[in-house]
Amino acid sequence: METSNPANAAAAFDLLSDPTRVAILQELAAADEPLGFTALRERAGVQDSGRFNYHLTRLRDRLVTHTDTGYELTDDGRRAAGLF
């Protein structure tokens, strides 16, 4: 997570400021393999799929990536998950 300037640091803290996003990172960090949308949503404890999708989208590309097999952490995502 590139945080060498104040704007990048603020953006990183903003991403980590919501409990749902933290739960997503924690569940992906604990998973042995990529997780599909529904499995990840259930493991993160979010019932509303629209709300979950909003938070997952905020994390995508910077901390979470989507592959053919599901969602997984980026290198920055692994470092961020290690903060919790």
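Let me start with a term. A residue counts as exposed when its relative accessible area is over 50%. Keep that cut-off in mind. One more thing before we look: this is a predicted model.

Now take Leu83. Is Leu83 buried or exposed? Its relative accessibility is 61%, so Leu83 counts as exposed. Where is Leu83 found? Leu83 lies in the segment after α5, and α5 covers 75-81. Next, look at Val22. Leu83 and Val22 are 61 residues apart along the chain. Their C-alpha atoms are separated by 9.9 Å.

Let's step back to the whole chain. It has 5 helices and 2 strands. Read the elements from the N terminus on, and you get α-α-α-α-β-β-α.

What about overall size? With 84 residues, a compact globule would have a radius of gyration near 12 Å. The chain has 12 Å, so the two agree. Along its principal axes, the C-alpha trace spans about 35 × 25 × 20 Å. Of the 84 residues, 38% count as buried. Now the contacts. Take those between residues at least 6 apart in sequence. Of these, 50% join residues at least 24 apart.

On to a pair of helices. Two packed helices are described by the angle between their axes and the distance between the axes. Our pair is α2, residues 19-30, and α3, residues 37-44. They pack at an angle of about 115°, with their axes 9 Å apart. That angle makes α2 roughly perpendicular to α3. The crossing of α2 and α3 is right-handed.

Which residues meet there? From α2, we have Ala23, Ile24, Glu27, Leu28 and Ala30. From α3, the partners are Leu40, Arg43 and Ala44. Sort the residues of this contact by type: 6 are nonpolar, none is polar and 2 are charged.

Last stop: Thr65. Thr65 is found in strand β1, residues 64-67. Its relative accessible area is 28%, so Thr65 is partly exposed. Compare that value with our opening cut-off: exposed needs over 50%. What does Thr65 touch? Leave aside its neighbours within four places in sequence. Thr65 is then in contact with Gly70, Tyr71, Glu72 and Thr74. Now find Gly77, 12 residues from Thr65 along the chain. The C-alpha atoms of Thr65 and Gly77 are separated by 9.1 Å.

Definitions and conventions: Residues are numbered from 1 along each chain as its sequence is written. This is a predicted model: local features need pLDDT of at least 70, side-chain atom pairs count only at pLDDT 80 or more; totals for chains, interfaces and linings use all residues. Side-chain values use heavy atoms; hydrogens and water are left out. Axes are lines fitted to C-alpha atoms, for helices over the stretch in contact, and angles run from 0 to 180 degrees between N-to-C directions. Helices (H or I, at least four residues) and strands (E, at least two) are DSSP runs, numbered from the N terminus. Angles under 35 degrees count as roughly parallel, over 145 as roughly antiparallel, 65 to 115 as roughly perpendicular and the rest as oblique. A crossing is left-handed if the near helix is turned anticlockwise from the far one by less than a right angle, and right-handed if clockwise. Contact means heavy atoms within 4.5 Å. Ala, Val, Leu, Ile, Met, Phe, Trp, Tyr, Cys and Pro count as nonpolar, Asp, Glu, Lys and Arg as charged, and the others, Gly among them, as polar. Buried means under 20% relative accessible area, exposed over 50%, partly exposed in between (1.4 Å probe, protein chains only). The radius of gyration is taken over C-alpha atoms; the globule rule is 2.2 Å times the number of residues to the power 0.38.
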